[in-house]
Amino acid sequence: MRRGRLLGGSLAALILCAFAGLLTPTLAQEAIVIDGSTTVGPIAKAFAEHYMAAHPEINITVSESGSGNGAKSLINGTCHIADMSRFMKDAEFSAAVKKGVLPVAHVVAVDGIAMIVHRSNPVQNLTLEQTRGIYLGQYTDWSQLGGPNQKIVVVSRDTNSGTYETFEQLVMQKQKMAEGVEYLGSNGAVRQKVQSTPTAIGYVGLGFIDRTVKALTVEGIAPGQETVASGRYPIARPLFMFTDGYPRLGTPLHAFITMHLSLRGQEIIEAIGFVPVTSY
Amino acid sequence: MQLGTRRLLDRAFSGLGFISIGLMAASLLVILTPIFVRGFGAFVFQGTIEFRRMQLERFERGDRDEIEAELTTARRARQPVYEMLDAFDTEMGEMGFLERREYEGPREELEDALRELLGPRPEDPVPVMARDQYGATRWDRAREKIDLVLYRTEYDYSDRTRMGVPVSVPRVEDFRGTALEALFDYVELHATEMLRPRWTLYLRFLTDHSIDAHFFGGIWPEVLGTLYLTLGAMIFALPMGVVSAIYLVEYAGEGRLISLLRTFISTLAGVPSIVFGLFGLAFFINTLKITESKSLLAGSLTLATLVLPTVIRASEEAIRSVPTTYREAALSLGASKWRAIVTVILPASLPGILTGVVISMGRAAGETAPIIFTAAVSVGKALDFAKVKFWETLSEATPALPWNIYNLATEHEAVDEIRHVQFGMVFTLVMLVLILNATAIFLRARISKKLRG
């Protein structure tokens, strides 16, 4: 009998707990929630770690789900900062304004999109025209581009990605990609695919170039911090963090969103491989 | 003849059974062996002096004097390397412009490789990122870096009909006849003195927070997140599941509506987990707004809906399998229906219910898709319920093992540098599920023994 009452009691308590949970008030004050681009992700993660080291009472969480999702989260009010590797689209802007969210863009760094191939690929340079041709399906074999007689495996970012949007604008000139293109969900995934497929080509942000892949020169210009900063590398774009309105001065959010202006912030951006925003 | 055929078929059938069991065991072995071996490597490995320096500076662990003395010894062994580099720089200063340009690239590559092996030079300013502040902390990584110092991989593109063929070129060839020629032999011979590898047991990998996006440190936020999410899911799913099962078995009749309901529950058990994830985002976060963004609470609720069908099904079966005589005996003694259920039937079916809970817990701990949109983040602090406000912690997002394994394996900017952390996470997750299951099996055995007599 006692056991029965105990069991019933604890069941009731648990259910009560569950419903009390449903009435929970909103987001914690000491938290900054960041969502969005996988390209900006490394910057946000490094900033978060440095900020939390100095302010242990603040919890900053970073998700990397793509620029499109970042914008959605900001519009829905589920994040404080949306990392985006492209500017907000018209539709996103109007959706945000309709919901009372006023997106403010903060350019935190500049990035170039590097065309990467397997290290065994003899091709060294592509023109913008050739790059577009590959993604349009006009070039299907490396021999058409001065390489061996092998089919090209074309790898792109998914359409939710800001890197994809930038690529579509700067390289594809809004033309549709060919049928056989493989879409992957993050910079890291594209790099791994290219790393393991000798005939593949893909594109990633500057911070994701490493020894395991070969970055091609585009129009004879190698992607790098110097060529992007000077504007010579043709496929470059700014990286954004969006907030709802300009954050109130003195708040942790303000301190965080202005970190890229500090010397330390710029050092971090440079160490990760992107180009800090200064007067060059 | 007929008997012979039957025997043959019989034998063929059992043979097939044996083969499939063997295949299953083999594949399990193929999957689990590397997980255990390499995952173990996250905890037990040959740590270098750089590892001990990192532990001292970041976690204040180890005997300061001892480590500093060891570091001095190691740095003395490294000194010739830097002296040779400096001598070469002087040499380069005396070269003509064209000759100097030829050496600039290889020298920079070499210096980068050396920095990855030994860390920055002691007199240089401290780099801003933790990943650049230390050399190779693990001997297995160090060996790869030594290789990088000694050789560079060139590709031979001479055959235009094929992809290039990798050729390993000793870097010493680049610096023949210069001050750096002796450096390579020196590094090869004195690597152990420069890094002083020693077997290290790093149990705190489990309870350390990560440093610089998992380059160093451990996986505590992920472990804790997984535990809380699993626990949270069970807190919601267990009472609801058991109550529904009681209703379905004891109170509901055999009407059309009820059989429809049963079909729904069975169907729900087969719905892909990503659908639950999207449902959780749309329902708990965007519609109900229980929390403003991803949170432990939203994740737990989503996981609860995911495992609910399993819990209901298992509990239903368990309650149904209680002999009718128990029920009749209880009722004949004058107990009400509710009392009979609570005092006789539920305790008797507890082992079966627990089995369902075990299975669901393992599933909840390992699921990735439902928490992508509702709870998991790639970087965040370990949840801390000791904070003043309980609800605030509940509404925070958290890293969790399954999601971060995926994140580290695909999205991380330095995937190849931190393979040991990935394997460590996978190992921990597998062990966590094993321990959860073992505990529950043990519990179940004890309860059923107690009930029997």
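Student: Leaving aside its neighbours within four places in sequence, which residues is F256(A) in contact with?
Tutor: This is a predicted model, in which local features need pLDDT of at least 70, side-chain atom pairs count only at pLDDT 80 or more, and totals for chains, interfaces and linings use all residues. Residues are numbered from 1 along each chain as its sequence is written, chains are lettered from A and ligands numbered from 1 in the order in which they are written, and side-chain values use heavy atoms, with hydrogens and water left out. With contact taken as heavy atoms within 4.5 Å, the partners of F256(A) beyond four places in sequence are I32(A), I34(A), A44(A), F47(A), A48(A), Y51(A), I60(A), I81(A) and M241(A).

Student: How much area do chain A and chain B bury between them?
Tutor: Buried area is the accessible area (1.4 Å probe) that two parts lose on being put together, summed over both. Carbon and sulfur atoms carry 56% of the total for chain A and chain B, which is about 5,200 Å². In chain A, the residues that lose the most area to chain B, together 11% of what that side buries, are K45(A), R119(A) and R211(A).

Student: Which residue forms a salt bridge with K45(A)?
Tutor: The rule asks for a side-chain nitrogen of Lys or Arg within 4 Å of a carboxyl oxygen of Asp or Glu, and it finds 2 salt bridges across the interface of chain A and chain B. For K45(A), the closest N and O atoms are 3.3 Å apart, and the partner is E413(B).
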